[in-house]
Amino acid sequence: MDLGKIIAPSSHNKYIWLNAFTLITFLFTGLADPFAIVMVYFLETVIIGVIHAYKMHYVATHSLAQSKIKNAKPNFKIGFFMVHYSFFIAVQSTFVFAIFQYSDENISEPFYLIQNFKYVLTLKGITYGLLVTLIFIAVQTYFSFIRTKVYNLYTVDRMFIQPYLRIFIQQFTVIIALFFTFIFPDGVVVAILLILLRLAVDLLGVYINSSDKNLRRLAKRLAKNSEHTEDELYIELRNLF
């Protein structure tokens, strides 16, 4: 892979760069608490889920590919996705709060999810961070999914598992960053590290997804150490990305 092409700002990754730059600005200007930045990345999972449910609904009502499927019951599948996704978030939240409680005494029990989320939403600057993240994801969704009419290529079934790879990687990077709170309890280093980690992961993901050729290359590499064929892996990657 060409590192220069991956990190260079482009029409494909401009919102990722803007989001990272905005959160860095919030951090260094004091508009947001370091742990608020960390939790913004964690709560981004909720934003992604809500917007993805909307995308699934849009596909169900507008997609040409979906219209060719009879008795698809898209509304049931969208509802099931929301329940399944919520459960996934709950499990991840418990794990994140279990680590976070060592850095913040206001989180005493990781299983008290509602109480913990209420507290997290009081962190300085978290409203700004969540609002900016929501705007960037919504705008990106409009220009890359709706305006381009890419939704015509999708079905609700194909979209069901699509966000899970992204949020799994996202939560993994958040958890890794949180472990550094034991070394840097003030949270500034943790916030910077998380922003850089997420920036690198998101830039790589966008690069892979930016062209069919990149997906083919990745499928070919994965096929060397897999029981599946290159074509089978390519189809799976298209569903994931």
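Me: Contact means heavy atoms within 4.5 Å. With that in hand, which residues does Phe 180 touch, not counting residues up to four places away in sequence?

Reply: Phe 180 touches Val 190 and Leu 193. Before we go on, the ground rules: this is a predicted model, where local features need pLDDT of at least 70, side-chain atom pairs count only at pLDDT 80 or more, and totals for chains, interfaces and linings use all residues. Residues are numbered from 1 along each chain as its sequence is written, and side-chain values use heavy atoms, with hydrogens and water left out.

Me: What makes Phe 180 partly exposed?

Reply: The scale goes like this: buried is under 20% relative accessible area, exposed is over 50%, and partly exposed sits in between (1.4 Å probe, protein chains only). Phe 180 has 30%, so it is partly exposed. Its C-alpha atom is 9.0 Å from that of Leu 193, 13 residues away along the chain.

Me: How many helices and strands does the protein chain have?

Reply: Helices are DSSP runs of H or I with at least four residues, strands are runs of E with at least two, and both are numbered from the N terminus. On that count the protein chain has 12 helices and zero strands. Phe 180 is in the loop between helix H9 (162–179) and H10.

Me: Why is Ile 146 called buried?

Reply: Its relative accessibility is 16%, and that is why Ile 146 counts as buried. Ile 146 belongs to helix H7 (residues 126–146). Neighbours within four places in sequence aside, the contacts of Ile 146 are Tyr 54, Tyr 58, Thr 141 and Tyr 151.

Me: What makes the Glu 44 and Arg 198 pair a salt bridge?

Reply: A salt bridge needs a side-chain nitrogen of Lys or Arg within 4 Å of a carboxyl oxygen of Asp or Glu. The closest N and O atoms of Glu 44 and Arg 198 are 2.9 Å apart, and the pair forms a salt bridge. The two partners come from distant parts of the chain, with Glu 44 in helix H3 (residues 34–62) and Arg 198 in helix H10 (residues 188–209), 154 residues apart.

Me: Are those two buried or exposed, Glu 44 and Arg 198?

Reply: Glu 44 comes in at 3% relative accessibility, so it counts as buried. Arg 198, at 2%, counts as buried too.

Me: Which residues are linked in a network of salt bridges?

Reply: Glu 44, Arg 198 and Asp 202. The Arg 198 and Asp 202 side chains meet at 2.7 Å, N to O. Those two are four residues apart in helix H10, so about one helical turn separates them. Asp 202 has a relative accessible area of 18%, so it is buried.

Me: How many salt bridges does the structure hold?

Reply: Three. One of them joins the side chains of Lys 77 and Asp 157, at 2.8 Å from N to O. Lys 77 is in helix H5 (residues 74–100) and Asp 157 in helix H8 (residues 156–159), so the pair ties together parts 80 residues apart in sequence. As for cover, Lys 77 has 24% relative accessible area, so it is partly exposed. Asp 157 has 47%, which means it is partly exposed as well.

Me: What makes the phi of Lys 149 worth a look?

Reply: Lys 149 has a positive phi of about 60° although it is not a glycine. Most residues other than glycine have a negative phi. Lys 149 sits in the loop between H7 and H8.

Me: How do you know that the radius of gyration agrees with a compact globule?

Reply: The radius is taken over C-alpha atoms, and the globule rule is 2.2 Å times the number of residues to the power 0.38. For 241 residues a compact globule would have a value near 18 Å, and the protein chain has 19 Å, so the two agree. The C-alpha atoms fill a box of roughly 55 × 40 × 35 Å along the principal axes.

Me: What share of the 241 residues is buried, and what share of the contacts with a separation of 6 or more joins residues 24 or more positions apart?

Reply: Buried residues make up 44% of the protein chain. Residues 24 or more positions apart account for 71% of those contacts.
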